[in-house]
There are 2 protein chains.
Amino acid sequence: MKPIRVALLGCGTVGREVVRLLHEQADELAARAGAPVELAGVAVRRPHKHADLGDLLTSDASGLVTREDVDVVVEVIGGIEPARTLLLEALKAGKSVVTANKALLAEDGPALAEAADASGVDLYFEASVAGAIPLLRPLRESLAGDRITRVAGIVNGTTNFILSAMAASGASYADALEEATRLGYAEADPSADVDGYDAASKAAILASLAFHTRVNSADVHCEGIRAVTAGDIAAAATMGCVIKLLAICERTPADESMPESVSARVYPAMIPATHPLASVDGAFNAVFVEAEAAGQLMFYGQGAGGAPTASAVLGDLVAVARNRVLGGRGPRESAYASLPVRPIGTLRTRYHVSLEVVDRAGVLSTITGEFARHGVSIAAARQTGEGNGNGSARIVVVTHKAPEAALAATVDVLAGLDVVHGVHSVLRVEDLGRKGVAG
Amino acid sequence: MKPIRVALLGCGTVGREVVRLLHEQADELAARAGAPVELAGVAVRRPHKHADLGDLLTSDASGLVTREDVDVVVEVIGGIEPARTLLLEALKAGKSVVTANKALLAEDGPALAEAADASGVDLYFEASVAGAIPLLRPLRESLAGDRITRVAGIVNGTTNFILSAMAASGASYADALEEATRLGYAEADPSADVDGYDAASKAAILASLAFHTRVNSADVHCEGIRAVTAGDIAAAATMGCVIKLLAICERTPADESMPESVSARVYPAMIPATHPLASVDGAFNAVFVEAEAAGQLMFYGQGAGGAPTASAVLGDLVAVARNRVLGGRGPRESAYASLPVRPIGTLRTRYHVSLEVVDRAGVLSTITGEFARHGVSIAAARQTGEGNGNGSARIVVVTHKAPEAALAATVDVLAGLDVVHGVHSVLRVEDLGRKGVAG
């Protein structure tokens, strides 16, 4: 049987594992793909670091991806360039592509999909979201006969590790980040993780697949966890909640103000401690899916790491190889729904607002009055720390569901009041899965 | 675009939902499949009960599945015959098949797979295990580049509802079964569920897919939950455990006694209350998968019911339709590994043995001596109820991992001892996922 030959772009943590598994599981992969799956070459920037790969190594990635004897290109470089140019060249040259590159897919996925279509080849990217957890294939294929209404999940292990550590020990954000860095869960420059960009890329990919529409990373409202304090986490606990960095993708039916639309957003939010996502701790990922017929589903596992990510890459590689051996193609981009993306200002959620105020009679009434004036209905308000001698008190307000824009306007006004020393925090409260889930 | 025409066999709870969704989501399904997906006919035994389906109805199932204008046959009759004959006829006639029939697949899956191969058509069966939870596609495809070592899950909602109810309220098995029947979670004849046969069929399907080998329902060691008492559940709680009916499929490396082998088994077992499967309550299903590279994964959702099962059927139907529109085929049977099935007697697990004994000095020593004589190492033994005045006491022994055969021989001998009034219960203790899982 003519082997399927693979060009590997990048040989970091994930790439090394791909090489190892291709070697160790060669017989199994051949049996499953219908032909041997062989490495044709490995493109890296610094070949001297990978001497063990011998003749397979090249620093000419562009030459490798268009080489006659290459059938499939596996990309684990990450980032936009040179990955985009290389993959477009590969697809144009008729190579199928397997990629783990969430940033590229979220920014320019349709260009890749169109290039794959033009050449009649496959584009698979299971490893781009939630690592080893089979999530994209279920969304694209298993649920293709259903209407997905919401996808909400913990899709970034670094931030989940940090928030879990803060909750477990009462540590500050800075201390928890330091621990995450020391243990290898956070990179030296943690911005992509802690500012939510990584999760936002994944949210764009999930929303696109779930709702059959194009959602770009620029469409995703994104807030990270840098501002989350130990006090916020304690406040969440008081409410029977935990704080998780969530990627939330929702389809909203048409209403008086908008046609049917989708929203995709990433922010730290309070969720009930009894929700299945609340107990997902450490570097684990979990994604909750709701569909009209299927009901509530949850997928749980390791979202990152060399071996788990390589597992997802190789699953795709077997599918792509089998398609080349037997003919046929995997699912293509499905964006027929073309739904508008809902502006974050029109989003309706609940909020937990914490203010430092002057300790004086009537202040609580002034504050709650401002909420009322903006049409934001209050579920609970409480004042603590009165008479502590330093002249300030803490007011916490929890709202009913209110439009983001109204809440933002309220907070703006509050921040300017003489009686308000400062707005301590504004956190969303998400009542995911209101129907209640066993467990 | 020429439509894909579907023959539906059976129109019960699931069939009605399939009809509804095909109708309500016609536009979406057409967009996703690449062509309209239409009902060509519905075969039922009693057409008068489905008058609303009008001309689509027929009682001639055999005629329908071979009809010229039919592309795909969806089977939701269940049971071995006439389903087997009808599906073999359909496959022989070049129709692709989507089925939810776990009993048939577990008994005769290879015959169906061979018929599909002979005609070059698809055989999909996501709905046969764990209803709406996308589980088979991940096992068959997403994890095709990995080595799965264990699949363990709660795959029968009826028994999970009963065991959850017993644990929550202290109810007896009989009372919990009655409640399940009253609420529609158990059928009038509950044997297929409570005796474990339904779960055993699913275990056979899961083991076949996970380990790329043929496992038949007759290969699955199967014990149901009829013998589980409120006392057992209380005893589990004392150990920090809960009792769940588990389907467990494991791959065991070669050792001195056997080559590499698989085991598939269904029985009620104690699992740690902290394990993610322990908190899966009511009629929900969840399946835990361990793979060498991917690590630990969990899938959770509704395992039964008309709409969830129909969601899985329609997901398969879209895949099969797309393959017919675009060319190509889904994954075929992958049974290249041909691994032997390990006899239950060679299985090694831990056990919780509860005995009613004569309240007399030295009895504990006699009992523990019998374990030792059979080479079964004891982790803990305790005696309660001494001096209760009725002359009897309770001894509970928890073993380390021991071969099933040695434990069974020990229990046989114990049951015959003069000092033993009776063997109250023998329950396995499964320490799934020893590596520890977040949450």
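Modeller: Let's start with a term: a salt bridge is a side-chain nitrogen of Lys or Arg within 4 Å of a carboxyl oxygen of Asp or Glu. This is a predicted model, where local features need pLDDT of at least 70, side-chain atom pairs count only at pLDDT 80 or more, and totals for chains, interfaces and linings use all residues. Residues are numbered from 1 along each chain, chains are lettered from A, and side-chain values use heavy atoms, without hydrogens or water.

Colleague: How many salt bridges are counted between domain 2 of chain A and domain 3 of chain A?

Modeller: The count there is one. Arg428(A) and Glu223(A) meet through their side chains in a salt bridge, at 2.7 Å from N to O. The domain bounds, 143–302 for domain 2 and 344–429 for domain 3, come from an automatic or database domain assignment.

Colleague: What area is buried between chain A and chain B?

Modeller: The size of an interface is often given as the accessible area lost when the parts come together. Buried area here uses a 1.4 Å probe and is summed over both parts. Between chain A and chain B about 4600 Å² is buried, and carbon and sulfur atoms give 52% of that. For domain 2 and domain 3 of chain A the value is about 1100 Å², with 67% from carbon and sulfur atoms.

Colleague: Which side chains meet in a salt bridge with chain B on one side and chain A on the other?

Modeller: Glu28(B) and Arg147(A) do, at 2.7 Å from N to O.

Technical notes: Buried area is the accessible area (1.4 Å probe) that two parts lose on being put together, summed over both.
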